[in-house]
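Subject: Structure handover

Hello,

Here is the structure I promised to pass on. Please open it first, then read my notes below.

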Amino acid sequence: MLASSGRPASASTPDQRLEVLPLYRPGDVDIDYERDLADPGSYPYTRGSRPARTKAGHESSDQIVRELSGEGRAEWSNEQFRYLLEHGATGLDVIGDAPTMASMDADHAFAAHAVGNQGVSLTRGIDYERLYAGIPLDRVSVSHSLPTAFGVAGFYGAAKRLGFDPGLLRGSMILAPLFSEDTCYSHNVPLELHMRLAVDTIIFSSERMPRFHPFVEDTYFISDGSIEAIEEMALGFIELREVVRRTVARGLAVDAFAPRIALLVNCRMNVFEEVAKIRASRRLYARMMREEFGAEDPRSLAINVAAHTSGASMTAEQLTNNIVRGASQTLTLTMAGVRAMEISAFDEAIRTPSRAAHIVGIRTQQVIQEETGVGDVADPLGGSYYVEALTDEFERRIEERVHFIEGLGDILELSTAGFFRSIFAEAMVDRAREVADGTRRVVGVNCHRLGPEEDSLLRDIVEQRIEPCYDLVQEVKEWRASRDMRAVVGSLDALTEAGRSPTANTTAAIVDAFEAGASMGECIGVLRQVYGAPYDPLDRAAERPR
Amino acid sequence: MTHGRVRALITVLGLDQHEAGALVVSRMLRDAGMEVIYTGRFALPATIGEVAVQEDVDVVGVSVHSWEFLYYAPDLVERLSSAEPPIPIVIGGSIVTEADRERAIAAGVTEVVRAGATEEQIVALFARLASPEFRQALPHNERSFSSSNPLDSPQIGRIRSGE
């Protein structure tokens, strides 16, 4: 069943094409309503994690509308946030620039031309304070795509300094300890340290920011442009299970943190596959948490699913087609009961979102919410022979794949041996081949093409460039030299001690280190050393303060 | 058609961690019979220049999904054109716009591959640029780069053709 011979069976993704019948009839699906579906808000939560509710008249939706944002210096991103909130966003979604996403300071030599032009630059505690200044953090939920421990420490510290009770903070942090190094977010950090930071962040947040979701299993970035929906969720569950096991092993009861676990999934173009994937994932999660991990609190069994629509489905050709794709994906996610989503912008294939693309993304969500009625009824596709059959198929195949991979051995050893890396790499090649040979139809790319002279709509927007923030690089260099070095060194020594102690919390120590003026790069550097890696594997960071 | 004698270096620049293009093009060239060396992520122009010379490659392909290439291109061109004979550079990626293409070519990049290029076109391009006649005709840069620091960036996940 492999797509091509010659790969080791264990390191390949099985063929994930779903055979679809031309018509589904009652005999094609076995529906036991109470066992497999139940009402939204009831086990096994297939139809939704929360009870259905009737909306009164013009009552606004409880949907979180947000768009991926973050650009340049923290102050510029703060302006971007204000713009989005003024235009109807009800949540924020922050992403760091390439150095930040690699746990690297703005003045690292490798960062030179990448500071601020693909996200916000966040080297220091003060950067987070500037990022959130004037934002009502007690009312706006903030989703973060940032290095886990630093994003949480920065958010927590900034909120406190800005006068907010951390107990009121809402939002989330993506967590991808197992797959970051193998995909596009390498921090050059050992896997054991990735896991440690993930678990410490969960423990820290469950104690100090109880309304915040510190554990968002992000299957978006591991899957976009490579693996298909079944493998996406199988790998996501493998990572999620490993983190749950390790958190429990640190002494936290499963019900103490499981209510704050969420999923952030991808949404590609196949409407019913994506709906079935989300419904199957809710059910699989509920059964797994109850039966395997012994969770009892209903909130531990009902998982919130958020989504980011596939950037890889957006094309550089015929940019206006991407707006249509975004609308279709928004409709899909709304029908799947997803209440927080970001739409990949129409310029996604070429640049980070422009202001015009942001507003189109928000308006797309608003049109679907306000005008189409698809969100008025919970799980509107429930009971469809086709959707239920597909949901069953997804659940079965995801579960089989999880058990198969876990049966191969220790997950971290598999990762170290390159098992997951080869899955992602092969899938990227397969996907490109399918587009090239036309087996995967993409309008404007391999069918229904336009010549360059006709394909001119929105081209002016994608030609706009964001220059790297060289002035910020200079500012960080000067800041580094101006600090109270005794406090910085003391905080890094304390972080080292926390890292060495299996029961101490490194995220709490990072909060203190940010407060004392240490940088993200310095913190990750000393932690790398605790875990047997060089302070800076790329050997181009500023020296460790002594 | 096979291109058994061609040696190509495929790389990703700076902090650009999107590898899909690099992996896909590596596979295409390998399937066409070329020998492909992939540097992995975290490569700066100095590393690329030195590895290209040490490995005696005929052509360098840079897969880009970040604007960093616009700033690194002149340095890369300077280093690879100091090889004897000069080593041509192909930059490729879906994010590359027409204006970017013009900037890269003005900086001395040999060819730019944008969204929509087919496998046949890409393979034929590498084969054409890798030919001794083409390389001999490229402008040569007299500046030499010493190997004081053999690896300006560590080679992470370096994958060699056939391994």
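A:Pro44 sits in the loop that runs between helix 1 (33-37) and strand 1 (64-65) of chain A. Keep in mind that this is a predicted model. The peptide bond leading from A:Tyr43 into A:Pro44 is cis. Its omega is near 5 degrees.

The loop between helix 1 and strand 1 of chain A also holds A:Tyr45. Phi of A:Tyr45 is positive, near 65 degrees, and the residue is not a glycine. Is A:Tyr45 buried or exposed? A:Tyr45 is buried, at a relative accessible area of 6%.

Chain B has a cis bond to look at too. It joins B:Glu84 to B:Pro85, with omega near -5 degrees. You will find B:Pro85 in the loop between helix 3 (68-80) and strand 4 (89-92) of chain B.

Back in chain A, look at A:Asp539. It lies in the segment after helix 21 (520-530). A:Asp539 is not a glycine, yet its phi is positive, about 60 degrees. A:Asp539 is exposed, with a relative accessible area of 58%.

Next, the cysteines. How many disulfides are there over all chains? The count is zero. A disulfide is a covalent bond between the sulfur atoms of two cysteines. The cut-off used here is a sulfur pair within 2.5 Å. Take A:Cys267: the closest cysteine sulfur belongs to A:Cys184 and is 18 Å away, so it is too far for a bond. A:Cys267 is buried, with 0% relative accessibility. Now take A:Cys447. Its sulfur has that of A:Cys267 as the closest cysteine sulfur, but the distance is 19 Å, so a bond is ruled out as too far. A:Cys447 is buried as well, at 9% relative accessible area.

Last, the second largest pocket. It holds about 870 Å³ of space. Its lining has 39 residues. Nearest the centre are A:Arg50, A:Ile64, A:His213, A:Asn304 and A:Arg339. Several elements of chain A give two or more residues to this lining, among them strand 5 (171-175), strand 6 (212-218), strand 7 (261-267) and helix 11 (298-301). Which strand of chain A gives the most? That is strand 4, with four residues. By type, the lining of the second largest pocket splits into 14 nonpolar, 15 polar and 10 charged residues.

Best wishes

Note on methods
Residues are numbered from 1 along each chain as its sequence is written. Chains are lettered from A and ligands numbered from 1 in the order in which they are written. This is a predicted model: local features need pLDDT of at least 70, side-chain atom pairs count only at pLDDT 80 or more; totals for chains, interfaces and linings use all residues. Side-chain values use heavy atoms; hydrogens and water are left out. Buried means under 20% relative accessible area, exposed over 50%, partly exposed in between (1.4 Å probe, protein chains only). On a 1 Å grid over the protein atoms alone, a cavity is a set of points where a 1.4 Å probe fits but cannot get out, and a pocket is an open set with protein on both sides within 12 Å along at least five of seven lines; lining residues have an atom within 4 Å of a point. Grid points are joined across faces, edges and corners, and a volume is the space filled by probe spheres set on the points. Ala, Val, Leu, Ile, Met, Phe, Trp, Tyr, Cys and Pro count as nonpolar, Asp, Glu, Lys and Arg as charged, and the others, Gly among them, as polar.
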